[in-house]
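Have the model open while you read.

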Amino acid sequence: MQVFVVPLLSTSLVAQVFHDIAPPVNYSLTPTWLIYAGCALVLAAIGLAIWYFRHRQPPPAPPKLPRQLALDALEKMSSEVDQIRPYEFSIKVSDVLRRYVTDQYGLPVTRQTSVEFLERLARNPQFSGDEKALLQDFLDRCDLIKFARYDATPVDSRSLLEEAVRFVKGAELAAVA
């Protein structure tokens with residue numbers, strides 16, 4: 001059996017051949033803690049911006065004009081013509097029209113009789129002769145149904161509804177022209 005002898009290098013010789021690893025050199029002029037703090041602030045700002053845009057309230061819708069409110073109410077009532085008794089329907093459609101005139105023209109006519117209402121309109125230059133005549137016919141028919149207990153039918157209710165819509169839209173067409 002043969003034994004090989006490997007000469008071992010001395011420690012001093014190894015120290016001369018292999019150099020120790022140098023520590024990392026810091027080339028940044030900004031301290032590390034400042035970089036981490038800046039990153040944290042940027043991330044917080046991004047998170048705050050995302051939260052703000054997700055939770056902000058949409059701008060409120062502009063309020064509807066009295067004309068549009070009246071037309072919407074009359075449109076809703078058009079589907080109820082056959083279900084509501086003509087007496088009750090005449091009260092509802094009259095209330096919508098009186099509220100429209102009060103809100104649109106500033107005339108407090110919701111608590112007046114039809115005669116007082118028409119007298120007030122006769123003195124008001126905002127209404128044309130056609131509008132006054134249409135309104136007088138409408139109020140006369142409503143009074144006939146409400147107070148004289150005229151035996152009205154759904155056809156009469158539709159007629160009242162059409163006159164109310166014409167009055168409201170007639171004022172709309174006059175405002176556009």
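The points below go through the salt bridges and then the helix contact.

1. Ground rules. This is a predicted model, so to speak with care: local features need pLDDT of at least 70, side-chain atom pairs count only at pLDDT 80 or more, and totals for chains, interfaces and linings use all residues. Residues are numbered from 1 along each chain as its sequence is written, and side-chain values use heavy atoms, with hydrogens and water left out.

2. Salt bridges overall. Side chains of opposite charge can pair when their charged atoms come close. The structure holds 6 salt bridges, each being a side-chain nitrogen of Lys or Arg within 4 Å of a carboxyl oxygen of Asp or Glu.

3. Lys64 and Asp72. These two side chains form a salt bridge at 2.7 Å, N to O. Asp72 has 30% relative accessibility and counts as partly exposed (buried is under 20% relative accessible area, exposed over 50%, partly exposed in between, with a 1.4 Å probe and protein chains only).

4. Asp137 and Arg141. Here the closest N and O atoms of the salt bridge are 3.6 Å apart. Both residues sit in helix α6 (residues 129–146), 4 residues apart, or about one turn of the helix. Helices here are DSSP runs of H or I, at least four residues, numbered from the N terminus. Asp137 is partly exposed at 33%, and Arg141 is partly exposed at 28%.

5. Arg141 and Glu163. What else does Arg141 form a salt bridge with? The partner is Glu163, with the closest N and O atoms 3.8 Å apart. Arg141 lies in α6 and Glu163 in helix α7 (residues 154–176), so the pair ties together parts 22 residues apart in sequence. Through shared partners, salt bridges join Asp137, Arg141 and Glu163 into one network. Glu163, at 7% relative accessibility, counts as buried.

6. α5 against α6. Helix α5 (residues 114–122) packs on α6 at about 175 degrees, with the axes 10 Å apart; axes are lines fitted to C-alpha atoms over the stretch in contact, and angles run from 0 to 180 degrees between N-to-C directions. The two helices are therefore roughly antiparallel (over 145 degrees). Contact means heavy atoms within 4.5 Å, and the residues making it include Phe117 and Leu121 of α5 and Leu135 and Leu139 of α6.

Methods. Parallel < 35°, antiparallel > 145°, perpendicular 65-115°, else oblique.
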